[in-house]
Amino acid sequence: MLAKVFSGAVLGVDAYPVEIEVNAGHGDPQTVIVGLPDVAVKESKDRVATALINSGFGAPKGRTTINLAPADIKKEGPSFDLPIALGTIAALEDLDAAQLAGYCIAGELALSGEVRRIRGVLPLAILARVAGCRGVLIPADNADEAAVVDGLAVYPVTTLRQAADFLAGLLVIPPYHIDVAQVFAANSQYDEDFTDVKGQEYAKRAVEVAVAGGHNLLALGPPGTGKTMLAKRVPSILPPMTLEEALETTKIHSIAGALAPRQALVARRPFRSPHHTVSDAGLLGGGAHPVPGEVSLAHHGVLFLDELPEFHRNALEVLRQPLEDGVVTVSRVAASITFPCQFMLVAAMNPCPCGYYGDPQHECRCTPLQIRRYRNRISGPLLDRIDIHVEVPAVRYQDLAGAGQGETSAHIRERVVRARRRQQERFRGSARVHCNANMRSRDLRQHCALPAAAQEMLKMAITELNFSARAYDRILKVSRTIADLAGAEQIDTPHVSEAIQYRSLDRQYWL
């Protein structure tokens, strides 16, 4: 007998429909899976056969053919175990095949018949809603993730027997619901807060400016001055995530298997901090079966690269295109897959190999040549995409021992949100430019006109401080953000003056 089951598989960040056909016939006892299955899918026949027996069902006694359509796309992962098992039960006439119609089914099976959680349930649930399915049968550990999709009935199952009895009408499973707004609000609080940072007012101001304009930031300073501490608190002052952003980010984390069990949404801005030994594929994504990399897992959040010069040169160079375009494309022979990666880059580095160049409390033993080589590990094109360089000096004892607390992240975020709203109004109608950091040359001419005094100051900076030509546009963009934070319509001399201070790596003593 022939049975058909509707399921789906993930390609990139979206799911596509997969129809599973199971035909139980006569002949030698053998199970064949066709439709470009990978090793994990081929192994499902052994998991399914054992799970059927341990769940009280009979195993096929003849030749069983399982087809995964469309047959020209490679199928990956163990998520087809549950639909294959239910299709086999229907093909053996232990279940009416018509009862499978209208359901989207996915899940991995243990040998005992237990249903285990899988990756990519959120895009699969979105596919089921678009396809007009009346419900999805998924592992219970994935129920919260699927329940965020409005207008879709979610039926969580824990065993193969439970799923079969539900489809046969012998068991009632009520649709699983969650309050998305409540979950979103409960999970949008941050554990880190800027009130914990002692001193470093100059660095905190630079971080605020960077977040307000969407600028990438590089922090320079000796070890132990709080560069990492500042970076970890950047997400807490970014504008709150919208539900649309949360769903898009959750899809990526779901596909990568980065969601915790029973986690419904990624409601906080992601903060990713890969080790400096990370590979190109680890950053961008890829592999034999391409999965999102760190840049995509940081989508709508922060990618923090600590000890920037210690990263492999080629790993840093591959960041240039994602920083520019906000997407990364992984090309393979069979297909090209695009992952979104709109993130804020925050990097940290020591000023020299020993870490104490310019520190009045420690002696630097590095030669000028060593310092130059250390700094030159970061290429000019990558440095060109980092608008703000801020020095983070050692914290004074008075600041460390002081009883006072710094400004909270909530207060800083209020100023950031106001500045972002000004930018959204300014760039309304532009499909590409959403914040000051994205401005192009024509946008600079239109929105960054300088008065005569500010022009003279910028000319002096370019000439006297030996700023490079690439620093000119960066200073204008940052000046525009500083003016937005101040609520000013026009850029003025104090705004330009502050922006000039955020170009540490362009000054004479670094070259």
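The legends below describe views of one predicted protein model.

**Figure 1. Overall view of the chain.** The chain has 22 helices and 18 strands, where helices (H or I, at least four residues) and strands (E, at least two) are DSSP runs numbered from the N terminus. Its C-alpha atoms fill a box of roughly 90 × 50 × 45 Å along the principal axes. Of its 511 residues, 51% count as buried, that is, under 20% relative accessible area with a 1.4 Å probe, protein chains only.

**Figure 2. Confidence along the chain.** The average pLDDT, the predictor's confidence in each residue from 0 to 100, is 89 for the chain, and 97% of the residues score at least 70. Among the elements, strand 14 (residues 302-305) has the highest mean pLDDT, 97, and helix 17 (residues 397-401) the lowest, 65.

**Figure 3. Packing of helix 8 against helix 18.** Helix 8 (residues 201-213) and helix 18 (residues 409-426) pack at an angle of about 35 degrees, with their axes 8 Å apart; axes are lines fitted to C-alpha atoms over the stretch in contact, and angles run from 0 to 180 degrees between N-to-C directions.

**Figure 4. Residues at the contact of helix 8 with helix 18.** From helix 8, E208, V211, A212 and G213 meet I412, R415, V416, A419, R420 and Q423 of helix 18, contact meaning heavy atoms within 4.5 Å.

**Notes.** Residues are numbered from 1 along each chain as its sequence is written, and side-chain values use heavy atoms, with hydrogens and water left out. In this predicted model, local features need pLDDT of at least 70 and side-chain atom pairs count only at pLDDT 80 or more, whereas totals for chains, interfaces and linings use all residues.

Conventions. Buried means under 20% relative accessible area, exposed over 50%, partly exposed in between (1.4 Å probe, protein chains only).
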